[in-house]
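Me: Could you walk me through reading helix packing in a model like this one?

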Amino acid sequence: MTNQLKPVWILAAKDLADARRTKILLVLSGFLTLAGLVSLAVAAAAQKADYLTYIEARDLLVSLGKPIADLVEPMFFPLKLLRGFIEHIEIIGGIIGIVLGYRAAAVERGNATLQLVLTRPLSDAQFILGKLLGNGIVIAAGLSATFLIASLALYAIGGIGLGFDSYGRLGITLMAATLYVGIFFMLGLLFALTFRKLPSALLAAFAVWLALVLVAPQIGDTLDPDNQVAGGIFRTLNIAKPQEIEILKTFATYETVRDGIEQASPAKHFERLSFAILGIKDTYLGMPIAQIMQERIHDLWWLIGVFTALAGILLLRPLNPTRLIKEN
Amino acid sequence: MGSVSFASAARKSAALSLKLTYRDRTVVLLVAFFLVMVLVAAYLGWSATNTVNAIYEKALPVLQAQGKTVPANPVGDTPPLSLFRNMVTYVALLGGLASLVLGYQTVSVDRKQGVVPLTASRPVSVKALAAGKIAALSFIIIAVLGISASINVLTLLMLPGISFPASDLGGLATFYGGSALYMLGFALLGAWSAARFESESLALLVPVTAWLTMTFIVPQVTANIGPMAALNPMSANIVPPQSAFFDFTSAVLGPLSIAEAYRFLAASSLQVMTGAGTSTTSASALFTLVAACLVTGALYLRAATTLDKSRSAYRD
């Protein structure tokens, strides 16, 4: 270990010990896991209800002597049950990241150890790197445990073990989730190392989270003309797909603005990548991982880009310890 | 030393809370964010409706050329108030969170600045001070929603091609009444948490977790409304699948589901309900919201009176 990296690792180890001692990660990850398990149980119940409806309809048609060829039997794809789980990571995972980032700075500011640490032969960048490394491990470990429990729950629900391919898909989703939560961790850390008042930093980070995770996707979804009429505008008007595409060409600017608002949200990129990899979106169901990655690689690059940009800001921006005294 | 009357103490506490809230930039910024979203909601509703109308105009010649029956323009069935359908989401998200913060800040500022031991040494009723804070929270929420309603009415009058019958004012009033109850419930939850916990981080995290649970987890269990689907005001129309699981969860948890009760009341008063999924009634939704305010109010009063006056500062 070089001399430059040693203090980074010491700081990281200290944050890991903090996370173990305060149990905050355990509580937050426990909440995410619980939310994920609830969504899996609900999805399984909904799937069972669908299947029972199908059986009832089939039996009725058979008893009436009518053909059942038009009835589509609901298929069971275990990874599809993870839809709610992924959405909970989008929402609760963002909060976990912000809280961890906030605490990583607040604990140093509250105990007035920030000034003390920076009086040692330690650069600002080493301090930030230590925080990123320690909390990066904490986030990855927490999410790994959550994913492991979710995969065990899938086994319990479906009664069949996941194959190598499914674990590969879960692994890619876990990696994307770690990047996504990491983005919000850095946002919380950046704000807590910038704002004079700590609660203001936390609330400002929550406001950004609201705007990026909940409001931007909601605006994009609301502006979709097909979501304005129950059943879809084109289906209601009985317009075939080719004509629909032709008509939508005249709304290209509107669609660009709508998509742009959605694209501004890291949550949307994480969701699109995960839904494709896990086959939650029907068009990607059964498609090989390599092909999906080829199609959705821009979502991954977007997450990596935001992650790198925030890390760059944190590492390059000088700290001002005299400004960051204990909250007054 | 004569004791200060309950009414006088409550009035002074309310006035001070209002002044401190006005000075708190975080709360003011969150409220400003909310009001901006009120304008955005109106624009979005108008823009989306106009786009549907434009698509209908483009589709007409296509349908006529194909000799198909031309259905009625869906925009014709759109009530004016439904332009504000996104408000349902913004009150549930921004309004709920801003209210939590407002309630939390109103109480935590006293604990952090050492006001609690000071007031304990004076002949002032703690309940009167807490009642003053509840009055201040109610006033702020009603004022913000009043401004929001005025923006809505002005928008309806200014947007081209929209007529706003006076009879719709009742629907708008019901929507804002339900919104006030919903936001007050969360403000009181924030106040309770700020008074109840010894750790400031916990005092902030607990109500946020409760808000996340109420908004995203409970509706999923009772009605199979996914976390992201809960952002869509039209989710008030979702019918839970026919199964013993959802029959049980909606019966047991349904009456406690504050977010669903609010979404139902708000969506029906803005006329965005299509009639599907109306498993509850406006009266039961109103009852749930009022009960939530009473329970959180009682919890806050209890936490304020049982707070250790000698060690009121947070541990972290």
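Reply: α9(B) passes α10(B) in a left-handed crossing (the near helix is turned anticlockwise from the far one by less than a right angle; clockwise would be right-handed). Helices here are DSSP runs of H or I, at least four residues, numbered from the N terminus. This is a predicted model, where local features need pLDDT of at least 70, side-chain atom pairs count only at pLDDT 80 or more, and totals for chains, interfaces and linings use all residues. Residues are numbered from 1 along each chain as its sequence is written, with chains lettered from A and ligands numbered from 1 in the order in which they are written.

Me: At what angle do the axes of α9 and α10 of chain B cross?

Reply: Two packed helices are described by the angle between their axes and the distance between the axes. For α9 (residues 258-269) and α10 (residues 282-306) of chain B, the axes come within 9 Å and cross at roughly 130 degrees. Axes are lines fitted to C-alpha atoms over the stretch in contact, with angles from 0 to 180 degrees between N-to-C directions. That makes α9(B) oblique to α10(B) (under 35 degrees is roughly parallel, over 145 roughly antiparallel, 65 to 115 roughly perpendicular, the rest oblique).

Me: How are α2(B) and α3(B) oriented to each other?

Reply: Their axes come within 10 Å and cross at roughly 175 degrees, so α2(B) and α3(B) are roughly antiparallel. Among the residues that meet are B:F33 and B:F34 in α2(B) and B:Y90 and B:L94 in α3(B) (contact means C-beta atoms, placed from the backbone, within 7 Å).

Me: How many residues of chain B are in contact with chain A?

Reply: 46 residues of chain B contact 49 of chain A, and α2(B) gives the most to that side of chain B, with 14 residues.

Methods: Contact = placed C-beta atoms within 7 Å. Helix = DSSP H or I, 4+ residues; strand = E, 2+ residues; numbered from the N terminus.
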